[in-house]
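Please look at the sequence and the 3D view together before reading on. The briefing then goes through selected features, topic by topic.

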Amino acid sequence: MFGLIFVLLALLTTTLEARNSNFAFVENFHPGLNDISRRNYTSWCSCSNDLIDTIGESECHCEGQNLLAIPKNLHNVTRLSIANANIKEIVQKGLNRYSISLRDVILTNLKEFNYIEPYVFRDVINLRTIYISYSPKLEQISAEAFYHSSKSFKMLKIMNSGLKEVPNMKYLSNCDILSQVDFEGNFITEIHENSIRIKTEELNLDNNFITTVQRAAFNGSAIGKLSLKGNRKLSNLDPHAFEGILNIRELDLSNTAIHSLSTKGLDTLEILRIQNTHTLKQIPSVYNFKSLEKAFLTHSFHCCAFKFPNLHDPISHKQHLEFLEGLKFDCRVKRKAENKINETDLTADFLESPDKHFDYFENLGIDPDNDIDRDGFFMSSPVDLAQQNEVMCGKINIFTRNVQCHPKSDALNPCEDVMGKTLWLRVSVWIVVSLAVIGNSAVLVVLLTKRAELTVPEFLMCNLAFADLCMGIYLMLLGFMDLYSMNEYFNYAYDWQYGIGCKTAGFLTVFAVHLSIFTLTTITIERWFAITKAVFLNKRLRHRKAIYIMICGWLYSIAIALMPLFGVSNYSSTSICLPMEAKDLADIIYLTVLMLLSGLGFFIIVICYVQIYFNLGDKGISQQNTNREMLVAKKMALLVFTNFACWAPITFFGVFALVGHSLIDVRKAKILLVFFYPLNSCANPYLYAILTSQYRRDAILLLSKFGFCSQRVQEYRNYYRPPNNSVALNVMSGSLSSSQKKYSDDRRNLQKLINGGS
């Protein structure tokens, strides 16, 4: 008797010790005593009671390469976690021992795991969670694998594994609403028609390889939040993809490649996320979203479309107004029939739509930023007319809902056309375009059709004229886009800013600015050397050297202009296509270099012209040439001013981008863009060529070939003499004194400066 009692006490003690110890004794496993000794064994299990997050539950965690099946000798385990094991499959009998106690099954990092037997969870009556992750060989799961009788099941997560298709979850649809179904990070490529039928608060299909979502893919499902973000190859989203889905409140299509979005099936949608999806050209009209409250989009111009629905989708806007007019008529008829009010008491402007903003609350005295109770009439989208009559024609509580859209329009991307909203700016840009294109084209035509070989200054002038012509073409592209998209730019913003148009315009303007500055600097240095170092005739800039210099200038300008096309800043951040984005270190360095190089060219020009002016003054030009000297000074001042006016906006835009906040908004920046940024391109052909006597002579000679200005050409042939011709003859005859020679040199240098180096 005593022996039997002793044996029973020993067994009871052993059981209690096993249940309360940190390491359970598992069949074919070593219990170990601590972390150090645990490493000496290839398989082990650790069990603990009273989990922090769930009182009264226990967890057993097992690991080991020798672990080939579900352990069978764990006691009353609530949460079973297995990791880093060589388990290949889960069979039904493996969980029978835990059919009553087991609630959570967690399997992680099982490299060989590839199969779940049908009905394996059928007898686990309290099953709550199935969590499987990092099992690359698990490619398919049968529908019967999820067959079970548990009413407490809430969560299914199969993440970062090898699934190639969404499992059939028809048996899970019989459960209560699940809290989460998660298939993130698998290899799912397509969601077929009617392939998903589930009731869950959240369905997560993030970061797969989904390319196609077929028609009615979620038909019959009740899903609170549906997430497809991170499927970067998802481009084929059927217009009826969400048809048949019930009670969806949030949809996430961020980081995908969709080109369009249909609102069919999204009547109950409250939150829409489509961030970092640069392929989406247009957003559906706000009238098509019946319940939308928040939208997180990729482009601010899509939010502008929500703000101006009458311009974004005129047809839907017209239908909406007709719907409201119908409601007004029904209200009049109903009120008249009930003799509640006289028909003449109804205000004529009842429910008038605003001209510019989607805000029906202004005329009703309602604050759209707060949810308040008011007596009145409002409906933001078409609804069932029979139901709406009861609501619209009586005293009701109005809960205003203003769609919060992000990113909001900002200083870089305001909700306006390319050239803003003012007529004078639109007219001005075409005046500037005309001056730049006509002036520089005229310079190129005249100089390139000359019979005589181009001089070095003329060769440099041709390069300058081409650069300035590119600037004129840039403004012309902006002007044409402004006319094409007038009053509805946000409908064309994607194609413009992310298409070939803005890339071409941006390349032209950056190339033009830097080639122009480079050429102006070269011309200025050449003049400085010719005037201040006139005695060194053998060291003047020759054709060959000038060609090499301009090749370097072209390569430099092309390289600078190409960088935004290869990810260093970009031309797509604004409608005016300037590289104003500074998101990372490369962008900041790029913009800084642009400013420094432009500033360096400007200061070289200033220093050279100052030295030229003082050099001429030091040579003692006689009093009779004071007027000519003042003309030179005025011309140099004008040259310096035009260069500064061109350089200053570049610096300003660059600082604007580097600082990262609104020093000035784009509305005001467009004034600089039109009147100062291209000032060099307009002024250079006139200051350096058209207003010089040499150019006028070449132009008249060209026109004479077509029968124009024949008399003027004859006058040139009979009476024209180069400015230094008489001096040259006297020098050749040896009749000039040294002081006369010095005076003639000064006159020749002055004339050279005035004539643009010709």
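The structure is a predicted model. Helix α9, residues 456-484, packs with helix α11, and its axis also comes within 8 Å of that of α8 and within 9 Å of that of α16. A search of the whole structure for aromatic pairs finds 16.

**Helix α9 and helix α11**

- Helix α11 covers residues 500-532, and its axis is 8 Å apart from that of α9.
- The two helices pack at an angle of about 155°. Angles over 145 degrees count as roughly antiparallel, and α9 and α11 are therefore roughly antiparallel to each other.
- The crossing of α9 and α11 is left-handed. Sorted by class, the residues in this contact are 19 nonpolar, six polar and two charged.

**Helix α8 and helix α9**

- Helix α8 spans residues 423-448, and its axis crosses that of α9 at roughly 150°. That angle makes α8 roughly antiparallel to α9.
- The crossing of α8 and α9 is left-handed. The contact of α8 with α9 has 21 nonpolar residues, along with four polar and four charged ones.

**Helix α9 and helix α16**

- Helix α16 is made of residues 679-690, and the axes of α9 and α16 cross at roughly 155°. The two helices are therefore roughly antiparallel to each other.
- Where α9 passes α16, the crossing is left-handed.

**Aromatic rings**

- A pair of aromatic rings is described by the distance of the centres and the angle of the planes.
- How are the rings of F507 and F511 arranged as an aromatic pair? They are stacked, with 5.9 Å from centre to centre and 5° between the planes. Planes under 30 degrees apart count as stacked.
- Both residues of this pair, F507 and F511, belong to helix α11. They are four residues apart, which is about one turn of the helix.
- Is F511 buried or exposed? F511 counts as buried because its relative accessibility is 5%, and the cut-off for buried is under 20%.
- F507 has a relative accessible area of 22%, so it is partly exposed.
- F507 and F511 are members of one aromatic cluster together with F466 and W554.

**A charge over a ring**

- Which residue lies over the face of F296? It is R273, at 4.4 Å from the ring centre.

**Backbone details**

- The peptide bond from H406 to P407 is cis, and its omega is near 0°. P407 is found in the loop between β18, residues 404-406, and α8.
- N160 is not a glycine, yet it has a positive phi of about 50°. N160 is placed in the loop between β8 (155-159) and β9 (180-182). Its relative accessibility is 30%, so N160 counts as partly exposed.
- N255 is another residue other than glycine with a positive phi, here near 55°. N255 lies in the loop that runs between β15 (250-252) and β16 (271-273). N255 counts as buried because its relative accessibility is 18%.

**Residues apart in sequence**

- P309 is located in helix α5, which covers residues 309-312. With a relative accessible area of 1%, P309 is buried.
- How many residues apart along the chain are P309 and V286? They are 23 residues apart, and their C-alpha atoms are separated by 6.6 Å.
- T42 sits in the loop between α2 (35-38) and β1 (43-49). T42 has a relative accessibility of 47%, so it counts as partly exposed.
- T42 and L67 are 25 residues apart in sequence, while in space they are 8.3 Å apart from C-alpha to C-alpha.

Notes. Residues are numbered from 1 along each chain as its sequence is written. This is a predicted model: local features need pLDDT of at least 70, side-chain atom pairs count only at pLDDT 80 or more; totals for chains, interfaces and linings use all residues. Side-chain values use heavy atoms; hydrogens and water are left out. Axes are lines fitted to C-alpha atoms, for helices over the stretch in contact, and angles run from 0 to 180 degrees between N-to-C directions. Angles under 35 degrees count as roughly parallel, over 145 as roughly antiparallel, 65 to 115 as roughly perpendicular and the rest as oblique. A crossing is left-handed if the near helix is turned anticlockwise from the far one by less than a right angle, and right-handed if clockwise. Ala, Val, Leu, Ile, Met, Phe, Trp, Tyr, Cys and Pro count as nonpolar, Asp, Glu, Lys and Arg as charged, and the others, Gly among them, as polar. Rings of Phe, Tyr and Trp (its six-membered ring) pair if their centres lie within 6.5 Å; planes under 30 degrees apart count as stacked, over 60 as edge-to-face and the rest as tilted. Buried means under 20% relative accessible area, exposed over 50%, partly exposed in between (1.4 Å probe, protein chains only). A charge sits over a ring if NZ of Lys or CZ of Arg is within 6 Å of the ring centre and within 35 degrees of the ring normal.
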